[in-house]
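Please open the model in a viewer and keep the selection panel at hand.

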Amino acid sequence: MPDRITTPVWGDLQSESEPAVIGDRLIDVTRRFLHTKRREWNQTKLYTVDGQGLGVAQIDALEVVAQHGEMHMNQLAAKLRLDPSTVTRAINPLVEMQLLKRYTDPANRRYVVLRCTPSGEAAVGRFVEERRRVMRETLDPMDPARRLLLVELFEEYTALLEQSQAKREDAAG
């Protein structure tokens, strides 16, 4: 009887070089993803309001405020995991474009409150609708079970990245 061929698993493959090979492949595919024409189109066309392209921090800020309706600036910074000064720089153009309204909290004048304007809500609605259309178009050829697996693996990978970063920060003190 011929020897049975088995598919190796990570534990069987682990060596000094294996994590480097996997890591390099992951970095390469991430780089390719970040430089695809579709992603560039998303950034330059999809996330444009009145001819002005929005950056990632601006898009994230606008979407989070739209989800919450209204929130303090420090809550937004915490939600985005960004420094408050970075969030301030990100939202200033959104306020100028009248996508967000910024005002002092009447209950506590030390806090700045952000609220999405009707134009901001319309922009977020357009972003979400168009993103979903692009996802349907892109993922349609993929088997539904593999789509779910893709999401689950990406969620797991992101959680592991966050855990690794937290450990490094804890070790650094």
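Predicted model: local features only at pLDDT ≥ 70, side-chain atom pairs only at ≥ 80, totals over all residues.

Helix 8 spans 144-172.

The volume of the largest pocket is about 2400 Å³. Its lining comprises 43 residues, and T30, F33, M135, L150 and F154 are the closest to the pocket centre. Colouring the lining by class gives 24 nonpolar, 8 polar and 11 charged residues.

Next, select R81, T158, L161, E162, Q165, A166 and E169, the lining of the second largest pocket. Here the volume is about 180 Å³. Which classes of residue make up this lining, and in what numbers? There are 3 charged residues, 2 polar and 2 nonpolar.

Finally, return to helix 4 and show it together with helix 5, residues 73-80. The two axes are 10 Å apart, and the helices pack at an angle of about 115°. Their crossing is right-handed. To view the contact itself, select D60, A61, V64, V65 and H68 on the helix 4 side, and L76, K79 and L80 on the helix 5 side. By class, this contact consists of 5 nonpolar residues, 2 charged and 1 polar.

Technical notes. Residues numbered from 1 in each chain as written. Heavy atoms only, no water. 1 Å grid on protein atoms, 1.4 Å probe; cavity = no way out; pocket = protein on both sides within 12 Å on 5 of 7 lines; lining within 4 Å. Points joined across faces, edges and corners; volume = space filled by probe spheres on them. Helix = DSSP H or I, 4+ residues; strand = E, 2+ residues; numbered from the N terminus. Nonpolar A, V, L, I, M, F, W, Y, C, P; charged D, E, K, R; others polar. Axes fitted to C-alpha atoms, helices over the stretch in contact; angles between N-to-C directions. Left-handed = near helix turned anticlockwise from the far one by under 90°. Contact = heavy atoms within 4.5 Å.
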